[in-house]
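User: I would like to go through some of the terms used for this model, with the cut-off behind each one. Please set the values against the definitions as we go.

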Amino acid sequence: MKKILLVVNADDFGYSDERDTGIVECYRNGYISSVSLLVNGVHAEGAVKLAKRYNIASGLHVNLTEGHAIGQGYTTLTRNGCLLGKFGFRKAVKERTLDIAEVRREIQVQIDRYRELTGEIPYHADGHQHIHVIPGVAETFAAVLSENGVKVTRLPKESGVVAEVWATPEQAEFMKEVVIHAESASKVFTTHKLWSCDDFIGLRTMGSNMTIDKVTSCLSEVYDVTECVCSKDQVITCEWMVHPGHVTSGAGGCGEGPDCFSRSHDRQHEMDILSQKTLSDIYRAMNITMSNFRDVFTTIKAV
């Protein structure tokens, strides 16, 4: 019998109390199956306590772009004490002004901080704002993860993003770039023996763009494509990246305060969609089983 496993992973755990409360509600109600922790998030310690209390499957959300770095003494990774930002970091990579040794050190420091907070090495790790697939960064990211025994990472190789009519030119270009980078990062991750799900969705279903119809369409694309090539005993795996949470109205972020996305209704909107019974009905109709990365990886190895 073919198995269709879906990891619904909530990013940015530790970003704010409101965000984390919403994420925990989603997990306890079965709407998500794992989380990625921002160790430089202002609520990281509280998030870890919540994860332990409710046995939430957690991994590391490596952050090289937003807020304050965990390590100190950087000359190219930060400016005026803060990380370079989503586009500033990418610009520095393209212009080759970024010292990759500083990137390596910060990734290691964040893994060490995760271990300090949780008592274990992260089973999975991905990059905040998809920095981990950028050429020139992916190699270092993969090497550090492999050296630390991390087994699983994200590969945001989502099909169909160029056809999104709702996206602004900047959004469309960013999504297209992420997918192109993911294609090249795939070989890097394989070389370092990092496993990723067969498919990925989430770029097209962020914030107010997440609708039941959109999610159904994205999942159908994954199911239809894989159905054509899979044997009846094969396991089909997909990661769905989500960003649920209540609106951040107080302290939040990674040292610079919460961003516009967190202060908007978009996070709450994702919670509202994830909680709809229609979604669980869709899973049932498609024979999809929700799981976390550890259990999915264990299943794959057992096949």
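Analyst: Two strands are said to pair if DSSP finds at least two bridges between them, and strands (E, at least two residues) and helices (H or I, at least four) are DSSP runs numbered from the N terminus. This is a predicted model, in which local features need pLDDT of at least 70 and side-chain atom pairs count only at pLDDT 80 or more, while totals for chains, interfaces and linings use all residues. Residues are numbered from 1 along each chain as its sequence is written, and side-chain values use heavy atoms, with hydrogens and water left out.

User: What makes β1 and β10 a pair, and where does L5 stand?

Analyst: β1 and β10 are joined in the parallel sense over three bridges, and the definition asks for at least two, so they pair. L5 stands opposite T289 in β10.

User: Which other strands pair with β1?

Analyst: Strand β9 (residues 235–242) runs parallel to β1, with eight bridges joining them, and K3 stands opposite V235. Strand β2 (residues 34–37) also pairs with β1 in the parallel sense, over three bridges, and there the bridge partner of F13 is L37. Between β1 and β2 the chain passes through helix α1 (residues 17–28) in a right-handed β-α-β crossover; the term applies if, with the strands pointing away from the viewer, the path from the first strand over the helix to the second runs clockwise.

User: Why is A185 called buried?

Analyst: Buried means under 20% relative accessible area, exposed over 50%, and partly exposed in between, with a 1.4 Å probe and protein chains only. A185, which sits in helix α6 (residues 169–191), has a relative accessible area of 1% and is therefore buried. Leaving aside neighbours within four places in sequence, A185 is in contact (heavy atoms within 4.5 Å) with V133, A138 and L155.

User: Is N292 buried or exposed, and how do you know?

Analyst: The relative accessibility of N292 is 16%, so N292 counts as buried. N292 lies in the loop between β10 (288–290) and α11 (293–302), and beyond its neighbours within four places in sequence it is in contact with V7, S33, S34 and A57.

User: What makes helix α5 mostly covered?

Analyst: Seven of the ten residues of α5 (residues 138–147) are buried, among them A138, F141 and V144. What covers the buried residues includes β3 (58–62), α4 (100–118) and α6.
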